[in-house]
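Let's learn to read a few features together. Take a look at what is shown here, and then we'll talk it through.

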Amino acid sequence: MNFVRVVWLVVRKDLLVELRSREILYTTVFFAVSCVLVFAFGFVREGQPMGDVGAGILWIAVAFSGTLALGRAFERERQSETLRALLMAPVDRPALYVAKLIGVMALMTAVEMVVVPLVALLFQAPLFRHLPMLLGLLLGGTVGFTAVGTMFGAMLARARSRDVLLPVLLYPITIPVIIAGVRGTSALLQADPDPAIARAWLSLLLSFDVVFITLALWTFEPVMTD
Amino acid sequence: MRRVGSVWRVLLVWLLLAAGPVWHAAVDAQQPPPRPKPAEDEFVPIDQLPPGEQLPAAPLLIAAYAVVWLAVAGYLFSIWRRLDRVDRDLAEAGRRLPRT
Amino acid sequence: MQRLFLPLLVVVAAMFAYAPLMIANAPFESTMLLVQKIFYFHVPSWFVMFSGAFLCAGASVVYLARGSKEADHYAVTGAELAVVFGLMGLITGPLWARKAWGVWWEWDVKLTLALVVWLTFVAYLLLRRYGGPGSEKLAAGVGIFGAANIPFVYYSVNWWRTIHPKTTVVPTLGPGMRGTFWFCVLAFMLLMVLIIAARVRLERQRARVDELFLELED
């Protein structure tokens, strides 16, 4: 079965399963909103937003809800034993990785469509001033975060202490993504926006994405084999 | 590893002796007067230390070296202890095997 | 290999005994004066940390590609080296910074990402300890990803203006400082070899014990 067909089948399966219950979607979106609200209470002083916290809060909300979504996505596979079935199927393992990556990306996109306007609203952050660049940063950052997260989520699906180990492993490796995302977004939000700096950070994000997706494709098979 | 046991012990004692008294000397550094910007591109060597510069930095320097000695000693010691334990387990397993 | 251990141990002990003498005699740096001498142990610690990280990554690649248990022993050794010597670098750095910059910590990119790499290998060790059976393969994946992150650290230093001495400092060292610095680097590297030898032996012995106990059960 060819690569693209396998990816399509698995993505379709995941989307169908998710659309029936919408469990992960609703809970993750709600979690992201709660995150932003908690930060709103933490960082707002006398009714005014502090400094330029909008960028930081946006990316933290993405990181936290992404971790949650990844954990839930693989937990679902593990519970129904479908992970083992997938691994036993005579298909290219990397295709499974790409399919999972696309699935989680779709979920994160939905979450971000809610969180970005919310942050713009609550923190009066002019997020829509340089929309294409912002979208580029969000896309690049989310792909990077999800690429590493899918790899680790799959790896840990059958491990002990997987709930706490996923963030422990994921955050150090994706900190460059968060830094690049926040600094790039800040450059767009500041009083005198600097698209050149944002572009530079975007290129860092893109190189991160390329490097880590390639690494994941190489190592997925040997790591998932017993 | 058995025959180097005594060498390990000597090394450990020596390291601890070196680290012990200097660790005792570490105190909080006082805030120095504003100084020129610290070197970024290259280090420029000079020969004599200007007066009044000696003490505030010394505790930090001493603390830094003490940390290194202690960390190295501690790590070497931990490897030695674990090797000891494994050797004992190995001997135990070896003793039990011929009987079965 | 066993026979070289003891002479190497003596050499390393001697070098570490002599190093403080060399450091005391090295010229003072004009702006940072006495506290700059932390440099002679701070930088070699980081050299060992990164060597450990690359050893872990390289061994992890071999382990995943060939399934060689021996490679796994080297991988865990590399990770432990990275954590221990990284911790030394993370403590000596702020001690130096307190005097030279006036603050214990700066969120400058080099420091931040060095901290991040250190955290990655702490996570590696946590995974091996608490991940249950089969966590060696998973940890190998983490080791490879962790090391792949390192170029992003190095690249960022030259990209932003930071307060940290640039990586160009080492090639421009004067003769009094250069000799002392490379002596300390050599001492640390030999210490690292020593530790690798001991630690890999520990892992091998552990594997043998496990095998023997499994045989006993049959």
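**Where chains and helices meet**

Q: How many residues of chain A are in contact with chain C?
A: Two residues are in contact if their C-beta atoms, placed from the backbone, lie within 7 Å. Here 22 residues of chain A are in contact with 25 residues of chain C. The touching side of chain A divides into 18 nonpolar, 2 polar and 2 charged residues (nonpolar: Ala, Val, Leu, Ile, Met, Phe, Trp, Tyr, Cys and Pro; charged: Asp, Glu, Lys and Arg; polar: the others, Gly among them).

Q: Before we go on, what kind of model is this, and how is it numbered?
A: This is a predicted model, where local features need pLDDT of at least 70 and side-chain atom pairs count only at pLDDT 80 or more, while totals for chains, interfaces and linings use all residues. Residues are numbered from 1 along each chain as its sequence is written, with chains lettered from A and ligands numbered from 1 in the order in which they are written.

Q: How are two packed helices described?
A: They are described by the angle between their axes and the distance between the axes. In chain A, the axes of α5 (residues 93–122) and α8 (residues 195–224) come within 8 Å and cross at roughly 115° (axes are lines fitted to C-alpha atoms, for helices over the stretch in contact, and angles run from 0 to 180 degrees between N-to-C directions). That makes α5(A) roughly perpendicular to α8(A), a word for 65 to 115 degrees.

Q: Which residues meet there?
A: A:R93, A:P94 and A:Y97 in α5(A) meet residues of α8(A) including A:F220 and A:M224.

Terms used:
Helix = DSSP H or I, 4+ residues; strand = E, 2+ residues; numbered from the N terminus. Parallel < 35°, antiparallel > 145°, perpendicular 65-115°, else oblique.
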